[in-house]
Amino acid sequence: MGGLFTADVENRGLVLDPRTKLLVMITLVIFALGGTGSDILLVRCVTVAVSVLPIILLITAGQRKKALLFGLIYGGIKLLEIFVVSKATGAALTVIGLCCMVFVRLMPGLIMGAYMLSSTTVSEFIAAMHRMHVPQQITIPMSVMFRFFPTVLEEFSAINTAMKMRGISLGGKHSGKLIEYRLVPLMVCSVNIGSELSAAALTRGLGVKVRRTNICKIGFHLPDGAVLLLAAAPYVLWILGMIGVVK
Amino acid sequence: MSIAARLKDISFSYPNNSEGALNGLSLEIRQGECVLLCGASGCGKTTVTRLLNGLIPHYYEGDLSGEVTVFGKDIRSTAIEELAGIVGSVFQNPRSQFFCVDTTAELAFGCENMGLAEDEIRSRVDKTVRDMKIEKLLDRSIFNLSGGEKQKIACAGVSAMLPELIVLDEPTSNLDLDAIDGLREIIAGWKAQGRTIVIAEHRLGWLEGLCDRVIYLEKGSLSCDFSGGEFFSLDTEMFSGMGLRAFAAKQNFLESETGISAIKPFENSGSITLDTFVYSYGRHKALDIKRLEIPAGSVTAVVGHNGAGKSTFTRCLCGLQKGFKGRVTVGGKACRPKDMMRLSYMVMQDVNRQLFAESVLEEVMLGADDGAENEAIELLERLGIPELKERHPMSLSGGQKQRVAIASALMAGKRLLVFDEPTSGLDLKSMECTAELLGSLGKDITVLIVTHDMELIDRCCTHILHIENGRI
């Protein structure tokens, strides 16, 4: 299962603290997506390095295929940006330049998001939120939501299977009603499962007034240090650039 | 002996639903007792379990009158979360009772909610794991467990909270006989620890010698109150009269040899032949069948332990699983997976997933030509549901939905019907109806039933196909 918050605990490779992942995410948003400090060459270079980080993290989490795919797409577009966009003119520049910019800026964040969700378990997530002093009223509904996504996906694929067996597909007789046919059973099943799931969670005391404890061990280790160091680099270089130490 | 739970003059009804209502039920459960609640579908046994764990009135709403006290606490004025440490619950559907994705976190989940100290939780989890001998299930992904293993984890998660009372609502509906034995041991362990246990269940055989007391409910009232010994010495006819499933299957078909064998006289008329049917997940060969002939028009039960490859087999046969190798020949003609998908239909355990239209008639007509309305109505008559044609499929009962799914498959010209556990959680009467229906589909239709239900097999199947480790 490579879905949301369904990390395969049996072979998960390198484990990072959820807070480390969150910091990398924030860095990517500020520098890769926001383009902060892009007038300083060193910041630009380090931003590329940080942008490649999610792909490496995917590899460490054992999701090699996904990493390879994302890596090729990102690498291709980055090269396109460097070599083609600088030479293009007129309409070509607008179209290719715009596409490249959107992809290059968005992709690292999206890949990081995919890595975060697929490599974190629900209990790690709750533990991390707890350490960051986020109130339970926010973390518990969120964790319920995350627990629910894989179930909805499972239902969705079962419904697709059923539709295939009935010969209802694009180009078939009922293609106009494809969405309706899919949504009605999906909603009925999701509501059923959702209500059973919350009943089960309630009987096991989720939502008790006392402060919840957590046996999940999270914490910063050597790999976290290395990743955080890299994630800190653009901030440092940016500040140095602002005060004129580097260019 | 002190009283664990007391229900006094309880009447309850769900909004918009007459099933499962209770009428003036009074019941006392003593501490340390192991009580079985039984009765036909809709008799109210699940409702009783929900009263005990507080889901009624705090989660499922309805009209409730009367008094329920659990260990001296009035259920109405006690929040459901407060009951969590006293009453533990195990439910029937493994898909919807897990909260975490790894087993260790799942075991600790209840204790974490109660805010116990970390060391206390660890020692409780360790002790539970030792008591239940589930060391090898620790630190596993929930998604990689079999049904029986999942149910064990559910029981262990409840057990770690050290509840005084444990209620189980049809815990065996998705389990094979071996897994049921495992569950029986767990319950025996709880009994030895002096916990009070209440089980609502259709399958009765596995509880013989375990239950001290059997409550038979009828239409929401207490009809008989047996001691365990009395109840299990009743004869089979008595059971049928009460609408209960016989408790000992006449034959355990899992003990038969692997491969296909006829259990009833059957006239062969062609067959579906499978050659070198192989499917692998990664390096693991999930299915490896050299040659197999399924007689056309037969009703064949597909049996095997949880995880033996039964569902992989049926998915491959229906052309749903991509990347399997092998040849299927139907009536002398080689069929590709695409052809098999056109010929076959799988009726899923959760039928909700395969009903799409706004009315039953529209549903049945989906895969047919527009002019075939009369034919569709005829078909509905044959299946005994002509009066439902205007209803919305989602508003029907489980058995009726199953019939609509069958009707839509027959209407689309399907020749091979595959059923996934069609009788899980059904009482005697509904099971008999399903058995009769499956047996009456006629010579043109080949039926495969994936099931653990030995009684169903005994009633309607002509052949047994036993798969173990993906082989026959």
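Analyst: Among contacts in chain A between residues at least 6 apart in sequence, 74% link residues at least 24 apart (two residues are in contact if their C-beta atoms, placed from the backbone, lie within 7 Å). Before going on, some ground rules: this is a predicted model, local features need pLDDT of at least 70, side-chain atom pairs count only at pLDDT 80 or more, and totals for chains, interfaces and linings use all residues. Residues are numbered from 1 along each chain as its sequence is written, while chains are lettered from A and ligands numbered from 1 in the order in which they are written.

So, chain A. Its secondary structure comes to 8 helices and 0 strands, and reading along the sequence gives α-α-α-α-α-α-α-α (helices, H or I, at least four residues, and strands, E, at least two, are DSSP runs numbered from the N terminus). The C-alpha trace of chain A spans about 60 × 55 × 30 Å along its principal axes.

Two packed helices are described by the angle between their axes and the distance between the axes. Take α2(A) (residues 41-60) and α3(A) (residues 64-85): they pack at an angle of about 160°, with their axes 8 Å apart (axes are lines fitted to C-alpha atoms, for helices over the stretch in contact, and angles run from 0 to 180 degrees between N-to-C directions). That makes the pair roughly antiparallel (angles over 145 degrees; under 35 is roughly parallel, 65 to 115 roughly perpendicular, and the rest oblique). Their crossing is left-handed (the near helix is turned anticlockwise from the far one by less than a right angle; clockwise would be right-handed). On the α2(A) side you'll find A:I55, A:L58 and A:I59, and they meet A:R64, A:K66, A:A67, A:F70, A:G71 and A:Y74 of α3(A). By class, that contact has 6 nonpolar, 1 polar and 2 charged residues (Ala, Val, Leu, Ile, Met, Phe, Trp, Tyr, Cys and Pro count as nonpolar, Asp, Glu, Lys and Arg as charged, and the others, Gly among them, as polar).

Now bring in α4(A), residues 90-119. The axes of α2(A) and α4(A) come within 8 Å and cross at roughly 30°, so these two are roughly parallel to each other. This crossing is left-handed too. A:S51, A:P54, A:I55, A:L57 and A:L58 of α2(A) make the contact with A:P108, A:I111, A:M112 and A:Y115 of α4(A). Those residues divide into 8 nonpolar, 1 polar and no charged.

To close the trio, α3(A) and α4(A) pack at about 145°, with their axes 9 Å apart, again in a left-handed crossing. α3(A) brings A:F70, A:Y74, A:I77, A:K78, A:L80, A:E81, A:V84 and A:V85, and α4(A) answers with A:L93, A:I96, A:G97, A:C100, A:F103, A:V104, A:M107 and A:I111.

Back on α2(A), have a look at A:T47. It counts as buried because it has 25 C-beta neighbours inside 10 Å. Beyond residues within four places in sequence, A:T47 is in contact with A:F31, A:A32 and A:P234. A:T36, by contrast, is in the loop between α1 (18-33) and α2 of chain A. With 17 C-beta neighbours inside 10 Å, A:T36 is partly exposed. Leaving aside residues within four places in sequence, A:T36 touches A:I30, A:F31 and A:W238. The C-alpha atoms of A:T36 and A:Y235 are 9.5 Å apart, although 199 residues separate them along the chain.

Finally, a step out to chain B. The contact between the chains takes 46 residues from chain A and 52 residues from chain B. On the chain A side, the elements giving two or more residues are α5 (122-131), α6 (136-165) and α7 (178-203). α7(A) gives the largest share, 13 residues.

Methods. Buried ≥ 20, exposed ≤ 12 C-beta atoms within 10 Å, placed from the backbone.
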